[in-house]
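User: I would like to learn how to read the fold and packing of a protein model. Can you take me through one?

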Amino acid sequence: MKFKVIGAGLAGTEAAWQIANAGYKVDLYEMKGIKRTPAHKTDLFAELVCSNSLKASRLESAAGLLKEEMTMLGSLTVPTAKTYAVAAGGALAVDRELFAKAVTDKIKSHKNINVITQVVESLEAENDEIVIVATGPLTDGALAESISNITGDYLSFYDAAAPIVTADSIDMTKAFGASRYGRGGESDYLNCPFNKAEYESFISELVNAEGAVVHDFDVYEGCMPIEKLAKRGTDAPRFGPMKPVGLINPATNHRPWACVQLRRENSKGTMYNLVGFQTNLKFGEQKRVFSMIPGLENAEFVRYGVMHRNSFLNSPRLLNSDFSLRQNPNIFFAGQITGVEGYMESAASGIIAGINAVRQAEGKAPFVPENVTMTGALCEYISDSTVTDFQPMGANFGVLPAIEPKIKDKKERYKALAERAIASLKNSLGNQKG
């Protein structure tokens, strides 16, 4: 049986890694070198196009639990991310270039992985071939048409990326270093505090700024442009990405009225991104409006925020819980195209698709972790045929079955959910080996 993975993003590299480490040869097709999507800037694999954060590290968080499960499943990207981590408080953030280069090198040097630089235009699979489609949320052209011809249900939404500024252009007489609630070091995040008058003036300009497109998009809630959030109400950003909770401005010894957090973009700390400031404003408007942020009056923007199209399948009607296509189990999908939302969620889906591509070739039953695990819950979510209004979903404790009797304390409840998940996955992996 031949193995073919289309796309060398987070999901595709994880899928190819699983197949190769199972002892099989796999062809990994990647169009970079010939063509790039509007969001990609390099020819490296596993390129992080939005934030450089892989979210929380602690096990008692949904994101941390997912990464621990991925590690147990033989992840490529999680240990690589830890090697190239940058300070980010309680989060795992990476130097995106070093991270992507390391993943690329590991993939290209694996004896069982054959990288083919080619634009794949058809999803048709030969009888002796298992295909994993991990082409990402920007899949377009002939391949998108080919997928649509097979699946019929192809949905789309729009995603946005945040701007990046240089560290030495930030006015540190106004900004201050601190992580919320004292988690992490003072240099992990820089904070730009607003008083009430500054905030209201900023919001007024933000909601009236000119966008790069004039028509309204169906944007995924977790990556909503800051200007669209502000249009929901003056205080909406102040209870979202501009929330001041957990922060004290050392200049006033009081909590700011609102605050913009800046997170390290690279290990050298020479660049910072505006946390939660995904935007669709025109570049000139971004410069004008975001320069109103205290501390960023003279900021040098090395990348402006951009908006790009994301597409995903109506997976509950199309996919099994192992990410295989119901009408053709020799075709798998992985990554954001399946409706999992987030870097690590995409990578996790690639792991599951890769594992099960091998099991399909060997005539074995699919392996899907129990739904008490974060990985298993996401597998269940994208394949739940009772879902009628399918929307992308990232890791969160709400997708896990509740523990009874209910634990009132949130920290203790999350800890118990994480411990149950790890125990379940250990048991499942033990049974597989047995």
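User: How many helices and strands does the protein chain have?

Analyst: Helices (H or I, at least four residues) and strands (E, at least two) are DSSP runs, numbered from the N terminus. Here the protein chain has 12 helices and 17 strands. This is a predicted model: local features need pLDDT of at least 70, side-chain atom pairs count only at pLDDT 80 or more, and totals for chains, interfaces and linings use all residues. Residues are numbered from 1 along each chain as its sequence is written, and side-chain values use heavy atoms, without hydrogens and water.

User: What does the radius of gyration say?

Analyst: It is taken over C-alpha atoms; the globule rule is 2.2 Å times the number of residues to the power 0.38. For 434 residues a compact globule would be near 22 Å, and the protein chain has 22 Å, so the two agree. The C-alpha trace spans about 65 × 50 × 40 Å along its principal axes.

User: Which residues have the most contacts inside the largest nonpolar core?

Analyst: A nonpolar core is a set of buried Ala, Val, Leu, Ile, Met, Phe, Trp, Tyr and Cys residues joined through side-chain atoms within 4.5 Å. Buried means under 20% relative accessible area (1.4 Å probe, protein chains only). The largest core has 84 residues; Ile 132, Phe 333 and Met 374 have the most contacts inside it. Helix α10 (residues 343-361) gives the most to this core, 10 residues. A second, separate core has 29 residues, including Ala 230 and Leu 274.

User: What is Phe 333 in contact with?

Analyst: Contact means heavy atoms within 4.5 Å. Beyond neighbours within four places in sequence, the partners of Phe 333 include Leu 123, Ile 147, Phe 323 and Ala 353.

Notes
Buried < 20%, exposed > 50% of the residue type's maximum accessible area, 1.4 Å probe, protein only.
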